[in-house]
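Please have the sequence and the model open while you read these comments.

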2 protein chains.
Amino acid sequence: MVIKEDMLLYKGRKHLKPEIKTISDFDNSSAHETELRMNLHTGTHLDAPLHMIPEGADSNQLLENDLFYRAKVVPIVEQEKKITLRQLQQLEIEAGDFIIFKTKNSQPNYLKNHPKEFIYLAKDAAKYLSNKAIQGVGIDSIGIERNQSGHPTHKSILGKEIMILEGLRLKDVPAGKYVLMLAPLKIKASDALPLRAVLYEKQELIDKLDFLL
Amino acid sequence: MVIKEDMLLYKGRKHLKPEIKTISDFDNSSAHETELRMNLHTGTHLDAPLHMIPEGADSNQLLENDLFYRAKVVPIVEQEKKITLRQLQQLEIEAGDFIIFKTKNSQPNYLKNHPKEFIYLAKDAAKYLSNKAIQGVGIDSIGIERNQSGHPTHKSILGKEIMILEGLRLKDVPAGKYVLMLAPLKIKASDALPLRAVLYEKQELIDKLDFLL
């Protein structure tokens, strides 16, 4: 997601709006400098277990992780309000996968017009996924869960130290297999990491690298 | 660089210290959330031309760039206070390179003990580099320049829309050729972008990708 003051916010909550402030410019200085103030769960980010689990691991553990993953972008075509266990049971999920759900959230203006009605991962589906030895799960809304008392979806997944990747923009991404690059900022001891997340076709990426050296 | 409250700051200036604030925890909420307040020139970051050039391009232009570059890590072995034109004239610099200087700044505790005496790129050396059609220039201090009136080093390089990458940690990086991955956060219309910057040996990276899919 692009970080800007009028960006999409979780459930449209204004207190989550980032502040991007010019603290010096050429009227008063020889340099133009900007300061960012942002909740780390705004925009595209990884959750650390600490986000929902008291005594859970913080971002220091996430920073030990590799930056490249085998990702599967999975279309959720039924227009329901959540991703269900039944939908997941039809998928081929292998240990080590990074599963990314592309849902109605990716339709133009859906989240803008329905900020509180994003498609989320239901708790029984999350429990099922958490037992699959996957590396992570990503979604095209700012949160992976809403209106489930006690945050059972987060807790199932983070409890197994599987990554949760929120705030993906998938409108132009077809379903399929990809190399997922996750490049989080190295913020110490926090409960989330804003990051750049990019999907590459494997051959596209290898060709790019071959060209370089 | 790891972003934390006791990190190295440009010239040790305390007002540049990031603030990492817990805004909710399990004493008062069902979720742990953190907010970051940070000058965008703190830590590892890319400068946009707007940082030093009135009417210069802002970060929107940087976000159009590719994420992978052909990098050369160049050791500056003479223990001078700056990188000089004479030192650069001995190097093989090709169009399209991303040149990264590894200097005395990378010695353990050098910057911590001498925050105002970092090795920088002298203005005549910057002018020379800016005429080489390189993609970017990186350095192992938080700034590429100090104590040069009017910031001529920044202006030469940014004036040619060559990237400046500051705040690299190179202690464990031998000189040589690498693939440089630059993954900036997508912050709109700013004068700098904090980012994850990683050097890979080409074959190491290709093997990693081959393993994935």
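This is a predicted model: local features need pLDDT of at least 70, side-chain atom pairs count only at pLDDT 80 or more; totals for chains, interfaces and linings use all residues.

1. The barrel. In chain A, seven strands form a closed barrel in the order E3-E9-E8-E6-E4-E10-E11, and their pairing is mixed. Neighbouring strands of this sheet are turned against each other by 35 degrees on average, if direction is ignored.

2. One strand pair in detail. Strand E4 (residues 68–75) and strand E6 (residues 98–102) of chain A run parallel and are joined by five bridges. A:Val73, for example, has A:Ile100 in E6(A) as its bridge partner.

3. Helices on the sheet. Helix H6 (residues 202–212) of chain A packs on the sheet and touches E4, E10 and E11 of chain A, with its direction at about 90 degrees to that of E11(A).

4. The interface. How much area do chain B and chain A bury between them? The value is about 5,500 Å², of which 64% is on carbon and sulfur atoms. In terms of residues, 57 of chain B are in contact with 57 of chain A.

5. Polar links across the interface. Six salt bridges are counted between chain B and chain A, and B:Asp66 forms a salt bridge with A:Lys208, where the closest N and O atoms are 3.5 Å apart. There are also 26 residue pairs in polar contact across this interface. On the side of chain B that touches chain A, the elements that each supply at least two residues are strands E1, E2, E4, E10 and E11 together with H6.

6. A loop residue in chain B. Apart from residues up to four places away in sequence, B:Thr103 touches B:Ile76, B:Ile83, B:Ile119 and B:Asp140, while its side chain reaches the backbone nitrogen of B:Asn105 at 2.9 Å.

7. A loop residue in chain A. A:His114 is found in the loop between helix H3 and strand E7 of chain A, and it counts as partly exposed because its relative accessibility is 29%. From A:His114 to A:Lys132 there are 18 residues in sequence and 31 Å in space, taken from C-alpha to C-alpha.

Methods
Residues are numbered from 1 along each chain as its sequence is written. Chains are lettered from A and ligands numbered from 1 in the order in which they are written. Side-chain values use heavy atoms; hydrogens and water are left out. Two strands pair if DSSP finds at least two bridges between them. Helices (H or I, at least four residues) and strands (E, at least two) are DSSP runs, numbered from the N terminus. Axes are lines fitted to C-alpha atoms, for helices over the stretch in contact, and angles run from 0 to 180 degrees between N-to-C directions. Contact means heavy atoms within 4.5 Å. Buried means under 20% relative accessible area, exposed over 50%, partly exposed in between (1.4 Å probe, protein chains only). Buried area is the accessible area (1.4 Å probe) that two parts lose on being put together, summed over both. A salt bridge is a side-chain nitrogen of Lys or Arg within 4 Å of a carboxyl oxygen of Asp or Glu. A polar contact is a pair of N or O atoms within 3.5 Å; within protein, one must be able to donate a hydrogen and the other to accept it, and residues adjacent in sequence count only if both atoms are side-chain atoms.
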